[in-house]
Amino acid sequence: MQLSDVESLQQLNDYMETLDVIKPVYFEDDKILLLDQTLLPFTEKYIELNSVKEAAGAIIEMKTRGAGAIAATALYGLLLNSKKYNSHLQLKKAGEILKNTRPTASTLKWMIDQVMIAVDNDQDDRDIFEIVEEKCVELMKDKLDTAMKVAHSGAKVIEDGDTVLTHCHAGAIAGIGYGGITTGVFKECVKNGKDIKVIATETRPYLQGARITSWELNKFDIPVTLITDNMPGYYLEKNKIDKVLVGADRVTLNGDVANKIGTYLIALAAFENSVPFYVGISEAGIDFTIDEGSEVPIEMRDPEEVRYIGDQRITLPEIKTEYPAFDITPHEFVSGFVTEKGIITPPYRKKFKTKYKK
Ligand code: RUB
């Protein structure tokens with residue numbers, strides 16, 4: 001079966017079974033099945049979600065995370081809602097609840113808006129759930145196709161023998177399973193016979209790098225070395241890193257990048273040491289309505305998490321802590337964007353508009 005032949009969510013699940021993927025979320029028997037990322041890497045367990053409330057809760061609690069995966073979970077939340085109520089008003093309410101779960105990632109809002117537009121513009125007087133289901137299939141196919149294209153263009157900037165630093169996790173289960181942004185690029189490099197090594201940062205406080213990136217790359221047999229968040233400067237200054245590749249939650253028109261907290265520091269150190277810094281992104285992650293990074297809402301999460309590593313308290317309960325989940329890397333530090341439209345280099349504003357016909 002080809003991706004272009006897929007016409008239903010069941011066929012999409014079947015098609016994905018033929019690929020080398022780890023599914024972060026899928027829809028089966030009228031329920032959402034979600035890989036609980038809080039349990040990784042020691043337990044791989046899918047939990048059932050049966051309502052918008054449960055889907056929104058799972059996103060807020062970061063049982064699923066990563067810009068693509070939260071958008072896919074929200075999409076299936078809308079499908080559950082439309083099957084239960086078949087109501088325009090209920091769907092709109094559900095869209096608002098899901099959009100408000102995590103404010104920084106652009107794909108979440110983009111996907112929900114796409115479903116709303118499809119429902120609003122339907123001329124055939126069809127049931128709401130029919131329109132939503134059709135749109136879900138289209139958007140998930142598009143996301144998968146995009147991930148494959150991003151992987152293809154990203155592999156062009158990585159050379160045989162390169163050591164690539166990545167931060168947080170923008171891989172398969174941050175997307176819809178194929179490889180997301182970074183893991184897709186690394187998989188493609190290996191497929192093309194390139195000998196590459198990845199260095200992953202642990203990414204406090206949620207530990208996406210330690211718990212997820214290293215687990216995922218290990219599963220795909222991609223050599224990975226885990227370092228703590230304060231080590232990238234050492235590796236960059238010692239010329240031990242050839243490229244940096246990260247994902248992004250939102251990219252603004254001028255090319256500023258909102259990504260996991262800590263990305264900015266890595267970009268600064270890469271710039272200072274003349275190491276190319278690439279960001280993987282697709283259309284849904286570019287916010288064409290925002291000109292620069294200072295306009296992106298930065299999610300502030302529960303500071304309690306900073307007081308712990310896993311279940312282990314690491315400071316006194318009365319110590320004040322803060323937890324901004326993302327930071328902004330100015331476009332000056334970005335060597336290029338790895339996209340489904342190829343590699344986009346400066347000037348970004350003009351090229352984003354031309355490539356995406358905006
Ligand atoms: C995830 C994160 C990832 C992007 C990439 O943050 O910062 O780099 O979401 O997403 P969190 P994608 O773990 O807080 O959700 O792979 O979809 O481009």
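This briefing describes the ligand site, the cavities and pockets, and some backbone features of the structure above. The model is predicted, so local features are given only at pLDDT of at least 70 and side-chain atom pairs only at pLDDT 80 or more, while totals for chains, interfaces and linings use all residues. Residues are numbered from 1 along each chain as its sequence is written, and side-chain values use heavy atoms, with hydrogens and water left out.

**Ligand site**

- The ligand is surrounded by 17 residues, the closest being Arg65, Gln208, Asp249, Asn259 and Lys260; a residue belongs to this shell if one of its heavy atoms lies within 4 Å of the ligand.
- By class, the shell holds eight nonpolar, five polar and four charged residues, where Ala, Val, Leu, Ile, Met, Phe, Trp, Tyr, Cys and Pro count as nonpolar, Asp, Glu, Lys and Arg as charged, and the others, Gly among them, as polar.
- Helix 3 (67-85) and strand 9 (257-260) each supply at least two residues of the shell; helices (H or I, at least four residues) and strands (E, at least two) are DSSP runs numbered from the N terminus.
- Oxygen atoms of the ligand lie 2.7 Å from an N or O atom in the side chain of Arg65, 2.9 Å from a backbone N or O atom of Gly68, and 2.7 Å from a polar side-chain atom of Gln208.

**Cavities**

- Two cavities of 30 Å³ or more are found in the whole structure; on a 1 Å grid over the protein atoms alone, a cavity is a set of points where a 1.4 Å probe fits but cannot get out, and lining residues have an atom within 4 Å of a point.
- The largest cavity holds about 390 Å³ of space, and of its 33 lining residues the closest to the centre are Ala67, Gly68, Ala170, Ala174 and Ala248.
- Helix 6 (128-154) gives the most to this lining, with four residues, and the lining as a whole divides into twelve nonpolar, 16 polar and five charged residues.
- The second largest cavity, with about 40 Å³ of space, has a lining of seven nonpolar, one polar and one charged residues, to which helix 1 gives the most, with three residues.

- The largest pocket has a volume of about 350 Å³, a pocket being an open set of points with protein on both sides within 12 Å along at least five of seven lines.
- Among the 15 residues that line the largest pocket, Pro205, Tyr206, Glu305, Tyr308 and Gly310 are the closest to its centre.
- The second largest pocket has a volume of about 230 Å³, and helix 5 gives the most to its lining, with four residues.

**Backbone features**

- Most residues other than glycine have a negative phi, and most peptide bonds are trans.
- The peptide bond from Leu40 to Pro41 is cis, with omega near 5°, and the bond from Arg204 to Pro205 is also cis, with omega near 0°.
- Pro205 is placed in the loop between strand 5 (197-201) and helix 8 (208-219).
- Asp221, in the loop between helix 8 and strand 6 (224-227), has a positive phi of about 60° although it is not a glycine.

Definitions and conventions. Polar contact = N/O pair within 3.5 Å; in protein donor to acceptor, adjacent residues only side chain to side chain. Points joined across faces, edges and corners; volume = space filled by probe spheres on them.
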